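Subject: Handing over a structure

Dear colleague,

I am passing a structure on to you, and below it you will find notes on what turned up when I went through it. Please read them with the structure open beside you.

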Amino acid sequence: MLGLRATNLGGVPAPVERPGYDRRQVRAGIAHFSVGNFHRAHQAVYLDRVLALPEQSGWGICGIGLLDNEPERAKAASFARQDGLYTLSLFPPSGAPRSMVVGAIVDYLFAPDDPPAVLARLAEPAIHIVSLTITEGGYNLDEATGEFRLEAPEIAHDLGSPERPRTAFGFIVGALARRRAAGTAPFTVLSCDNLRHNGAVVRKGVLAFAHARDPELAAWIEAEVAFPSCMVDRITPATTPADIARLNALTGIEDRVPVFAEDFIQWVVEDRFCNGRPAFEQVGVQLTADVDPYEQIKLRMLNATHSMLSYP
């Protein structure tokens, strides 16, 4: 079975698809917090398509792991071993599955081991977008008031130790502070989590954190940083050890972190970026001035139907 790494890409067995571009020419223009299965089956797939287009080599992904636990450490080790590569297998309602090697993740940082390195990377001018899939609970909102919880232990830690943050908010605001001080253009903050008005939600958290740290910085972020909303859709199950064996047998590739998903995919993005964006419109992303109607359709019809089916 073929070991998955950059030097072995030429030997990937047919009919598994390989990246349609030279990964040696790709540099990271997007930093993404929490590289879970959904991100790897969804946003990274769109970026993989973008990188195959002419003059789009600056839109690779630098993944950032946030949680300090054994599964996340194992994932970081696997990404290092496999040069950021992984296999994705898509299962249609009927017919044979289709598998591919996704190459969009060209770097990976494990934040708990070196927070300053993550801050430095986010402050680099080459990073134009910081995206997130940190789950609904990661946005640190009070369920009763809807307000950002500044008293939460991890947030309090980040406010007290701005050079060694632990949360996405600490890293984002810390990096934006560095960019402001250096005269570097800010990055767009793009939430890709499955919640209504995700752009407004992450904006509320970033501004609340920034205001607690430095009101002048918060005012600059409010004026200069874009927080587009988006709607995401692709059913992506968790991958069990049995799934890993099954997927590797399917592809003929030894992959420590394979992903599988349905073949349907959709991404609707509010076209509001403050520092450039990939050529999303050329790879199937729907760009719009208003994501709200798409959110209503998905959450009220699709997600509600899933809930209705699950209760019996």
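E147 is partly exposed, because its relative accessibility is 45%, where partly exposed covers what lies between buried, under 20% relative accessible area, and exposed, over 50%, computed with a 1.4 Å probe and protein chains only. Before going further, please note that this is a predicted model, in which local features need pLDDT of at least 70 and side-chain atom pairs count only at pLDDT 80 or more, while totals for chains, interfaces and linings use all residues. Residues are numbered from 1 along each chain as its sequence is written, and side-chain values use heavy atoms, with hydrogens and water left out.

Salt bridges

The side chain of E147 forms a salt bridge with that of K204, at 3.9 Å from N to O, the term standing for a side-chain nitrogen of Lys or Arg within 4 Å of a carboxyl oxygen of Asp or Glu. This pair links distant parts of the chain, 57 residues apart, since E147 sits in the loop between β7 (129-132) and α5 (153-160), and K204 in helix α7 (residues 198-213). Helices (H or I, at least four residues) and strands (E, at least two) are DSSP runs, numbered from the N terminus. K204, with a relative accessible area of 36%, is likewise partly exposed.

The structure holds 18 salt bridges. Another of them joins the side chains of R73 and D113, at 2.9 Å from N to O. Because R73 belongs to helix α3 (residues 70-81) and D113 to the loop between β6 (105-110) and α4 (115-123), this pair ties together parts that are 40 residues apart in sequence. R73 is partly exposed at 30% relative accessibility, and D113 is partly exposed at 48%. D68, R73 and D113 are linked in a network of salt bridges.

R178 also forms a salt bridge, with E163, and the closest N and O atoms of the two are 2.7 Å apart. R178 lies in helix α6 (residues 168-182) and E163 in the loop between α5 and α6, so the pair ties together parts that are 15 residues apart in sequence. R178 is partly exposed at 29%, and E163 is partly exposed at 42%.

A buried leucine

L119, which has its place in helix α4, is buried, with a relative accessible area of 1%. Leaving aside residues up to four places away in sequence, L119 touches P162, E163, P165, G170, F171, G174, A175 and R178, contact meaning heavy atoms within 4.5 Å. The C-alpha atoms of L119 and P165, 46 residues apart along the chain, are separated by 8.7 Å.

Helix pairs

The axes of α6 and helix α8 (residues 215-224) come within 11 Å and cross at roughly 85 degrees; axes here are lines fitted to C-alpha atoms, for helices over the stretch in contact, and angles run from 0 to 180 degrees between N-to-C directions. That makes α6 roughly perpendicular to α8, as angles under 35 degrees count as roughly parallel, over 145 as roughly antiparallel, 65 to 115 as roughly perpendicular and the rest as oblique. In this contact, V173, L176, A177 and R180 of α6 meet E216, L217, W220 and I221 of α8.

The axes of α5 and α7 come within 10 Å and cross at roughly 45 degrees, which makes α5 oblique to α7. The residues making this contact are I155, D158 and L159 of α5, together with F209, A212 and R213 of α7.
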